[in-house]
Amino acid sequence: MKDLRQCFLLPADEIYLNAGTFSALPRAVYEEQIALMASAESNPTRQATARARLPLWGMQQQIARYLGADAEEIIFHQNVTQALNQALFCLPWRAGGEFIASDQEYGAITNAAREMCRRNGLSFREFPLPLQPQNSDELLATVLNALTPETVGVLLSHITSKTGLVLPIDRIGTELRKRNVRFIVDGAHGPGLLPLQLSATDVDVYAGNLHKWFMGSKGTGFLRVARRLHDVMEPHIVGWGGTPRDATPIHDQFPGNAYRFQYVFRMQGLKDVSSFLALGAVLRFRESLGEAWILERISELGRYARRRLEIDLGLKCFSPIPELNAGLLAFEAPPTWRESNATERMYRDYKITVPFWVDRQHGSMLRISPHIWNVEEDVDRLLAALQGG
Ligand SMILES: Cc1ncc(COP(=O)(O)O)c(C=O)c1O
């Protein structure tokens, strides 16, 4: 087995088992970004302006290809929270309708959806998803049963952050489209963890993070909106790109600006684009290892961790069956690890990074999300720490 730790900047005496929050950054990506930042300072104005044109558009095309989407459908964002806020607040909604979200959504995104409903005169309702369904048919049926004639929109995670439950978003998208219900997918954990073909689905909106499983720099994410909705979205930040009602783009020399959705939603002020340009180094790093190998290695580490913690240590596992699980695994915290500062104590005493928290439904939990820099021994050391108390 390849030991890839030397490809990252993680200290040798620490164990980082939390790709589900932030990935560790490959050294090659770090070096590329630092070089880009340094060279930009040779002439901030000329460099920044030049990079925001062809190089950034070229990167958008490469990332779109990786996601199975068209470059015109993608807007780069700092994170999923901002990306989904853009979609939720810029799309028109029918006042009086109902918007629903599962009870396993990420809190920040539920907040955004609830607030969008309040401002647009929609009602908001949460519906329960089974924690450990038998198969994806059960998930599809649960979502369809939650619809009412008033439902105009559904928010679901592609992969839930708490337990790593994978939702069949393609099948759900097809059914929602037939019913004319808009489908918003929180794909914070999708890119880099599961293969994506976004343009081949009926999902209306998909927002993803590139700073989790994909291994991009902090502050990289994207929004993908299906073409059929581009002309009805109204920007809530209006910059040089104007609004969809303006006849022609003002800055038509920007590549990509031949297309209105791009100039309206991309041209929203000056930004440092070095973190996005460094995504090319992530693609090269992934290619050098093999995309299929990366995905399989993450699954393999997950299966190992599950066996060790659930079977050998006897901790209750809240994650679904392996066929419906990706990346993230949640367990009941052992009795000696249930205090509010367990996360801090684990780091202080054992130099292991894993989140512990108290869940309103399931009590004290811990979540592990291993990635390719981990080895099986990292899991063994976590096990020993959990046993040690
Ligand atoms: C399912 C899910 N959605 C959204 C987010 C928010 O991501 P960000 O803070 O990068 O916007 C997270 C972060 O962990 C998440 O797990």
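Which helices each supply at least two residues of the shell around the ligand? They are helix H4 (80-90) and helix H5 (107-120), where helices (H or I, at least four residues) are DSSP runs numbered from the N terminus. The model is predicted, with local features needing pLDDT of at least 70 and side-chain atom pairs counting only at pLDDT 80 or more, while totals for chains, interfaces and linings use all residues. Residues are numbered from 1 along each chain as its sequence is written.

The ligand is surrounded by 13 residues, the closest being Asn79, Thr81, Tyr106, Ser161 and Ala188; a residue is near a molecule if its C-beta atom, placed from the backbone, lies within 6 Å of it. By class, this shell holds five nonpolar, seven polar and one charged residue, with Ala, Val, Leu, Ile, Met, Phe, Trp, Tyr, Cys and Pro counted as nonpolar, Asp, Glu, Lys and Arg as charged, and the others, Gly among them, as polar.

The axes of H4 and H5 lie 10 Å apart at an angle of about 15 degrees, which means that H4 is roughly parallel to H5 (angles under 35 degrees count as such; axes are lines fitted to C-alpha atoms over the stretch in contact, and angles run from 0 to 180 degrees between N-to-C directions). In this packing, Thr81, Leu84, Asn85, Leu88 and Phe89 of H4 meet Ala108, Ile109, Ala112, Ala113 and Met116 of H5, residues being in contact if their C-beta atoms, placed from the backbone, lie within 7 Å. This contact of H4 with H5 comprises eight nonpolar, two polar and no charged residues.

Definitions and conventions. Parallel < 35°, antiparallel > 145°, perpendicular 65-115°, else oblique. Contact = placed C-beta atoms within 7 Å.
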